[in-house]
Amino acid sequence: MDLLGCFKQEWRQQQWTGSLEVQMAGKTQTVFLNNNVTIACIIPGSLSLDTTMMGIRWFYSSQTSKSESMVFEFHGDNLKSSRPGAMVSPTGLKKGDASLQLPVVQLRDEGEYRCEVTVTPQKAEGTILVKVVALPHSKLFEETHTVNNNEEKYLVCEANGFYPPNTNITWEKRLPEVLQFQEVTKDITRSPLLKNEDGTFNITSSLNIKSSGENSGTTYQCVVWHISLDTPQRYNITLNGTATYL
């Protein structure tokens, strides 16, 4: 072994006198559809690493399959990515940062990720579950249907493009002389949950307001609830008026 090789071996033995560890950012990470994401994997206590003496591998498994596939591999300064755009920064790796960068996250990227770090003869790994969410794009509008020669007016609240599929739409109303909204539970029709081509979902809730007999000036509000929202979306419409978003 030449002098440089002896030095690297001695440095490695000094650097890893303790056990090799990796730290992940918790057990679950939630990311938004089409956003860029960094999945953390940190080697604690690393001031300066010789990346030619170590290996990094990232694996992925979907929530419906137990089999793993390799997303990214780094070994001896050689990079290999099987997911377009997947990257571990070589500069960051020298400082102990083996985090995986994924651009433009899609629904198919949701699943468990495993970070495996090897500094021969030691190996350490950590896992994290990545959940992808998509915000609902919602709107509120009026529709008039003719049934048995009678016109019936509906308020339609539509939520589209959200993921995961669990969502809820509720209704409230406020009379002109009343300050507080009151919950509406009657004359509501909910469409089946439909899946879009991109894997997101859409749903519609309709409120029949003919039978309510409310006067002009009554304000109705549809409320869209979804896990991707910090607070529910609220859309107002005043009879004989305009729709607004709160």
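Q: Okay, which residue in S18 is the bridge partner of Trp171?
A: That's Cys222. Keep in mind that we're looking at a predicted model here.

Q: Got it. How many bridges join S13 to S18, and which way do the two strands run?
A: Eight bridges join them, and the strands run antiparallel. S13 covers residues 167-174, while S18 covers residues 219-226.

Q: And what stands opposite Cys222 in S19?
A: Tyr235 does. S19 takes in residues 233-238, and six bridges join it to S18, again in an antiparallel arrangement.

Q: How many residues sit between S18 and S19?
A: Six, and the two strands form a hairpin.

Q: Is S18 mostly covered or mostly open?
A: Mostly covered: seven of its eight residues are buried.

Q: What else is Thr167 in contact with, leaving aside neighbours within four places in sequence?
A: Its contacts include Phe162, Arg190 and Ile203, as well as Val224, Trp225 and His226.

Q: New topic: the largest nonpolar core. How many residues are in it, and which touch the most other members?
A: There are 53 residues in that core, and the ones touching the most other members are Trp58, Leu100, Leu102, Tyr113, Val117 and Trp171. Both domain 1 (23-133) and domain 2 (137-239) supply at least three residues each.

Q: Let's look at Tyr113. Buried or exposed?
A: Tyr113 is buried, with a relative accessible area of 2%. Setting aside neighbours within four places in sequence, its contacts include Trp58, Leu100 and Leu102, plus Tyr60, Val71 and Ile128.

Q: How many aromatic pairs does a search of the whole structure find?
A: Two. One is Tyr60 with Tyr113: the ring centres are 5.2 Å apart and the planes sit at 50 degrees, so the pair is tilted.

Q: Which strands are those two in?
A: Tyr60 is in S5 (residues 55-61) and Tyr113 is in S9 (residues 111-119), so the pair ties together parts that are 53 residues apart in sequence. Tyr60 counts as buried too, at 15% relative accessibility.

Q: And which residues form the pair that is stacked?
A: Tyr163 and Phe201, at 6.4 Å centre to centre with 20 degrees between the planes. Tyr163 lies in the loop between S12 (150-162) and S13, and Phe201 lies in S17 (residues 201-208), so this pair ties together parts 38 residues apart in sequence.

Q: Are Tyr163 and Phe201 buried or exposed?
A: Both are buried.

Q: Last one: what do S6 and S7 form?
A: A hairpin, with two residues between the strands. In the turn, Gly76 has a positive phi of about 60 degrees.

Q: How many bridges join S6 to S7?
A: Four, and the strands run antiparallel, with S6 spanning residues 69-75 and S7 spanning residues 78-81. As for who faces whom, Phe74 stands opposite Leu79 in S7.

Terms used. Residues are numbered from 1 along each chain as its sequence is written. This is a predicted model: local features need pLDDT of at least 70, side-chain atom pairs count only at pLDDT 80 or more; totals for chains, interfaces and linings use all residues. Side-chain values use heavy atoms; hydrogens and water are left out. Contact means heavy atoms within 4.5 Å. A nonpolar core is a set of buried Ala, Val, Leu, Ile, Met, Phe, Trp, Tyr and Cys residues joined through side-chain atoms within 4.5 Å. Buried means under 20% relative accessible area, exposed over 50%, partly exposed in between (1.4 Å probe, protein chains only). Domain bounds come from an automatic or database domain assignment. Rings of Phe, Tyr and Trp (its six-membered ring) pair if their centres lie within 6.5 Å; planes under 30 degrees apart count as stacked, over 60 as edge-to-face and the rest as tilted. Two strands pair if DSSP finds at least two bridges between them.
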